[in-house]
Amino acid sequence: MFTLAEVASLSDIQPTYRILKPWWDVFMDYLAVVMLMVAIFAGTMQLTKDQVVCLPVLQSTVSSKVQPDASGKADFTTVETTTGQGEEASMRTVSFESAPTVTPDIFLSGATSSQYQSTESGQELKKEQKDSSGRKTNLDFQQYVFINQMCYHLALPWYSKYFPYLVLIHTIILIVSSNFWFKYPKTCSKIEHFVSILGKCFESPWTTKALSETACEDSEENKQRLTGAQSLPKYVSTSSDEGSPSASTPMITKSGFKFSADKPMIEIPSVTILDKKDGEQAKALFEKVRKFRAHVEDSDLIYKLYVGQTVIKTVKFIFILCYTANFVNTISFEHICNPKVEHLIGYTQFECTHNMAYMLKKLLISYISLICVYGFICLYTLFWLVRIPLKEYSFEKVREESSFSDIPDVKNDFAFLLHMVDQYDQLYSKRFGVFLSEVSENKLRGISLNHEWTYEKLRQHVSRNAQDKQELHLFMLSGVPDAVFDLTDLDVLKLELIPEAKITAKISQMTNLQELHLYHCPAKVEQTAFSFLRDHLRCLHVKFTDVAEIPAWVYLLKTLRELYLIGNLNSENNKMIGLESLRELRHLKILHVKSNLTKIPPNITDVAPHLTKLVIHNDGTKLVVLNSLKKMTNVAELELQNCELERIPHAIFSLSNLQELDLKSNSIRTIEEIISFQHLKRLTCLKLWHNKIVSIPSSITHIKNLESLYLSNNKLETLPAAVFSLQKLRYLDVSFNSIAVIPVEIGLLQNLQHFHITGNKVDVLPKQLFKCVKLRTLSLGQNCITSIPDKISQLLQLTYLELKGNCLDRLPVTLGQCQLLRKSGLVVEDHLFDALPSEVKEVLNQDTSIPFANGI
């Protein structure tokens with residue numbers, strides 16, 4: 001007898017063996033578990049509920065035939081009378097042509113034998129049927145139990161009784177067949193050694209890092225790294241576009257940009273520390289690989305055993321399917337039983353019902369379905385075994401991708417194990433192959449495995465930025481440590497003042513990297529690294545002194561979405577080389593230029609059809625020529641900051657798709673041109689803050705769809721009623737002006753959610769302000785307000801209220817009726833808050849899940 005735990009242990013293979021289980025073996029293991037559950041479920045049901053119930057088939061002594069007449073009614077033909085002896089009694093049989101003949105025995109007397117009349121009148125028959133409450137059989141309960149038990153073994157088909165046990169046995173055999181090669185001593189020892197060595201080779205970060213450093217020294221074409229702390233997918237560009245660089249160190253020259261033909265040389269950091277432990281481990285790995293190869297390549301036992309167990313599973317599937325299909329219909333609810341114990345019971349035939357028949361039939365059909373799926377997978381496995389020569393394995397692809405041209409091909413069981421590993425992940429065999437190379441072993445001896453900037457040290461410098469992304473900033477290093485590329489979860493990489501920066505193929509493993517910063521860092525890239533950056537990089541920041549510092553490969557990143565250029569673009573020597581090259585960035589959506597431009601270069605229109613956002617931040621240099629803006633028909637957001645603009649440029653009025661305009665920190669005094677904004681039907685946000693605007697023209701009413709208006713830090717003294725005719729306005733910021741009165745027309749802004757008038761000269765709050773019931777943010781700080789009306793309680797959606805810096809002597813008690821306002825959103829002097837009634841303070845101090853809102 002064995003327990004269920006012992007059965008389960010048959011499929012409990014060590015987790016490290018999973019790399020030798022291809023998808024079909026894993027899938028068959030799960031199917032075996034399901035079949036095991038079917039067996040357990042069927043066995044449990046059978047042990048608890050399986051039984052048959054039998055009733056005697058009464059022998060008819062009275063034959064009656066009923067023939068339907070022409071009208072379809074039954075016609076009783078004859079009634080014969082017989083006499084019985086002992087416990088037998090005379091019977092009446094009624095026969096219907098439309099239904100099977102039923103001949104039950106009806107005992108009229110159970111005590112003694114007697115003679116009965118040969119015929120009865122119809123009236124007596126009806127009376128007898130009316131008075132009878134059932135058919136008497138003269139059987140006791142013990143006799144029924146006896147018959148049920150006999151008929152369970154005699155009448156019930158053997159498959160109905162033993163189906164759960166057969167399924168259990170078959171499943172155990174299939175489980176054993178699937179995992180026998182992991183248990184058989186002569187194979188499991190080799191497998192265990194192979195998995196152990198393979199895992200150590202894969203997890204040896206410093207050894208594989210050193211091998212990666214040597215991978216590019218021999219051939220410019222062999223850029224793909226085979227080893228590293230993480231997997232390195234291949235990103236070799238096959239594009240024939242002229243935008244693909246032909247060498248690995250593209251740089252810009254004064255006459256244009258081209259790619260240097262010099263091969264990149266991997267620079268070993270000046271400070272290298274040899275870790276003796278890592279070095280000894282690497283040497284031990286090479287020795288183990290050599291010995292294991294010599295031990296395993298001599299035989300093909302593992303291959304034959306795997307083929308054998310696959311054949312056994314296939315034969316088993318065919319056997320199960322063939323004999324099981326014949327017994328599907330034998331599982332029936334009704335059975336006829338002839339126990340041959342008439343001398344004990346008095347009856348020769350019984351009709352029995354099997355209560356588990358329906359459930360067993362359904363389980364059998366399910367089992368057959370699982371077996372069919374299992375068999376098809378077995379057939380596929382056999383096809384895979386004969387389709388390719390599994391006793392030979394070539395590292396030709398690895399040799400092409402690396403400088404280790406001496407990696408030998410292997411055979412027999414060693415080859416078969418590598419083929420099985422490839423079904424799990426081809427990266428394992430690629431990295432394992434490096435340890436078969438004598439060249440790599442020799443080079444390993446001359447390379448330091450430790451550098452100043454280790455993975456652990458770099459991890460300590462990783463931080464979270466404002467966008468909650470993982471960011472690493474490297475400053476003034478001699479190069480880029482290879483361990484940087486092991487930070488596979490890094491989102492943002494900043495390289496600053498690194499003159500010899502090289503981006504190697506290992507960057508391919510940084511699948512989360514989408515943002516790169518190059519600050520005074522003319523980085524060189526390898527071909528594979530460029531292919532990866534071209535396909536994955538979405539945002540690039542480049543800071544430079546001279547435009548020639550911009551790496552030429554930047555202009556070939558065809559999938560780049562955001563480009564930020566910070567530096568001098570206006571010198572005579574530059575001749576706008578950088579911006580002329582942007583034509584290749586066909587997917588660029590956002591262009592951010594922080595420079596000293598005097599005009600928007602005409603060549604920027606090469607990417608204008610693709611741009612949706614253009615930002616120009618000047619350093620105070622006056623931007624004069626803006627005619628190129630007219631061609632940017634798809635621009636939705638335009639920012640022209642610190643460009644010394646005195647008026648709103650007319651070219652802006654041609655941007656029909658413009659939604660947001662930001663003219664921050666200019667010298668705009670008048671905005672009479674605002675009437676032309678009526679042609680910009682999609683304009684919803686207008687930012688004219690940090691200017692010198694004195695008044696707002698009434699023509700602002702023509703911007704019907706305006707939702708946000710920023711006029712803070714200007715010289716406004718009044719707010720015209722025209723502003724309050726903008727019914728869609730949700731955000732109004734007039735902070736830090738000289739406004740003394742809030743017009744009563746503010747009550748017309750029923751959609752206003754955010755109103756900022758901090759830093760003005762307001763002394764009275766109009767009651768109409770509190771008709772803006774959708775207000776969520778109200779900033780009234782640094783004014784001359786002496787009291788807050790009780791009507792503030794009407795602002796039920798208010799979450800932020802700034803009152804600090806006024807002339808208040810108390811706060812209204814009705815603040816407690818602002819349901820969403822809490823103390824964290826109330827900016828006011830402490831003594832005013834403390835003067836509130838305790839019940840109001842208690843309401844304001846309540847916790848809330850409503851988010852703080854201080855913006856759109």
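Here are legends for a few close-up views of this predicted model.

The structure is a prediction, so local features need pLDDT of at least 70 and side-chain atom pairs count only at pLDDT 80 or more, while totals for chains, interfaces and linings use all residues. Residues are numbered from 1 along each chain as its sequence is written, and side-chain values use heavy atoms, with hydrogens and water left out.

**View 1. Cys 54 and Cys 352 form a disulfide.** A disulfide is a covalent bond between the sulfur atoms of two cysteines; here the term stands for a pair of cysteine sulfur atoms within 2.5 Å. This one has an S to S distance of 2.0 Å. Cys 54 sits in strand β1 (residues 52–56) and Cys 352 in strand β7 (residues 350–354), so the bond ties together parts 298 residues apart in sequence. Helices (H or I, at least four residues) and strands (E, at least two) are DSSP runs, numbered from the N terminus. The torsion about the S-S bond is about 110 degrees, so this disulfide is right-handed. Both Cys 54 and Cys 352 are buried, where buried means under 20% relative accessible area, exposed over 50%, and partly exposed in between (1.4 Å probe, protein chains only).

View 2. Cys 151 belongs to helix α4 (residues 141–154) and Cys 337 to strand β6 (residues 334–337), distant parts of the chain that are 186 residues apart. With -90 degrees about the S-S bond, this link is left-handed. Cys 151 is buried at 2% relative accessible area, and Cys 337 is buried at 1%. The structure holds two disulfides, and if you number the bonded cysteines in sequence order, they pair up 1-4, 2-3.

**View 3. Lys 304 and Asp 300 meet in a salt bridge.** That term means a side-chain nitrogen of Lys or Arg within 4 Å of a carboxyl oxygen of Asp or Glu. Here the N to O distance is 3.7 Å. Lys 304 is exposed at 53%, whereas Asp 300 is buried at 14%. Lys 391 joins these two in a network of salt bridges.

**View 4. Glu 673 pairs with Arg 647 in a salt bridge.** The N to O distance is 2.3 Å. Glu 673 lies in the loop between β21 (660–662) and β22 (685–687), and Arg 647 in the loop between β20 (637–641) and β21, so the pair ties together parts 26 residues apart in sequence. Glu 673 is buried at 6%, but Arg 647 is partly exposed at 45%. The whole structure has 15 salt bridges.
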